[in-house]
Amino acid sequence: PSSTDASLPIGLVVTSYCNFYAPLKFPEPITLGLRVVHLGQSSVEYEVGFFSGDKEELRNNVKKVEAKAVGGYNHVFVGREERRPVKEMGAPLRDGLHAILNSTGGQPRARL
């Protein structure tokens, strides 16, 4: 099916936030870490961490890494026409989001 197929749900952002902890300066490299905080039947909650430094530098100093900002948002998957939550978001999307969840003992964690 095409991405404009009327039978496919769309994701609406229903909440968003960002907490700033320290400045980031141009032209320093910035790395983002994405995690899925909660995965429901028709919704997903994401968080994005903003870190100073490149990915390899951060991986080598993981104990000293602190987020400069953390933001997040919730997607609710709805029908294209009626804009009501769907019963399920669909297996391909859910499987992809579950891979990001990458939980340990049920606790989501950020992936760099």
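Biologist: Where does arginine 83 lie?
Modeller: This is a predicted model. Arginine 83 has a positive phi of about 55°, although it is not a glycine. At 44% relative accessibility it counts as partly exposed. Its place is the loop between β4 and α2.

Biologist: Which residues does valine 86 contact, leaving aside its neighbours within four places in sequence?
Modeller: Valine 86 belongs to the largest nonpolar core. Leaving aside neighbours within four places in sequence, its contacts are Pro9, Ser42, Phe77, Val78 and Gly79.

Biologist: In which order do the elements run from the N terminus on?
Modeller: The chain has two helices and four strands. From the N terminus on, the order is β-β-β-α-β-α.

Biologist: How many bridges join β1 to β4?
Modeller: β4 spans residues 69–78 and runs antiparallel to β1. One of the bridges pairs isoleucine 10 with valine 78 in β4. The number of bridges joining β1 to β4 is 10.

Biologist: Which residue in β4 is the bridge partner of glycine 49?
Modeller: β3 and β4 run antiparallel and are joined by eight bridges. The partner of glycine 49 in β4 is valine 70.

Biologist: How many residues lie between β2 and β3 in their hairpin?
Modeller: β2 and β3 run antiparallel, joined by nine bridges. Valine 36 stands opposite tyrosine 46 in β3. The residues between the two strands of the hairpin number three.

Biologist: How far apart in space are leucine 101 and valine 36, C-alpha to C-alpha?
Modeller: Leucine 101 is in helix α2. At 13% relative accessibility, leucine 101 counts as buried. Leucine 101 and valine 36 are 65 residues apart in sequence. Their C-alpha to C-alpha distance is 4.9 Å.

Biologist: Which residues make up the largest nonpolar core?
Modeller: In soluble globular proteins, nonpolar side chains tend to be buried together. Here β2, β3 and α2 each supply at least two residues of the core. Its nine residues are Val36, Leu39, Val44, Tyr46, Phe77, Val86, Met89, Leu97 and Leu101.

Biologist: Is tyrosine 46 buried or exposed?
Modeller: The cut-off for buried is under 20% relative accessible area. Tyrosine 46 has 9% relative accessibility, so it counts as buried.

Biologist: Are the rings of tyrosine 46 and tyrosine 73 stacked, edge-to-face or tilted?
Modeller: Tyrosine 46 is in strand β3 and tyrosine 73 in strand β4, 27 residues apart. Their ring centres are 4.8 Å apart. Planes under 30 degrees apart count as stacked, and over 60 as edge-to-face. These planes stand at 35°, so the pair is tilted.

Biologist: How does tyrosine 73 count at 30% relative accessibility, and what is the class?
Modeller: Buried means under 20%, and exposed means over 50%. At 30%, tyrosine 73 therefore counts as partly exposed.

Biologist: How many Å separate the backbone oxygen of glycine 53 from a polar atom of the side chain of threonine 31?
Modeller: Threonine 31 has its place in strand β2. At 10% relative accessibility, threonine 31 counts as buried. The distance from its side-chain polar atom to the backbone oxygen of glycine 53 is 2.6 Å.

Biologist: Which residues does a cis peptide bond join?
Modeller: Proline 27 is found in the loop between β1 and β2. Omega of the cis bond is about 10°. The residues joined are phenylalanine 26 and proline 27.

Definitions and conventions: Residues numbered from 1 in each chain as written. Predicted model: local features only at pLDDT ≥ 70, side-chain atom pairs only at ≥ 80, totals over all residues. Heavy atoms only, no water. Pairing = 2+ DSSP bridges. Phe/Tyr/Trp six-rings, centres within 6.5 Å; stacked < 30°, edge-to-face > 60°. Buried < 20%, exposed > 50% of the residue type's maximum accessible area, 1.4 Å probe, protein only. Polar contact = N/O pair within 3.5 Å; in protein donor to acceptor, adjacent residues only side chain to side chain. Core = buried A, V, L, I, M, F, W, Y, C linked by side-chain atoms within 4.5 Å. Contact = heavy atoms within 4.5 Å.
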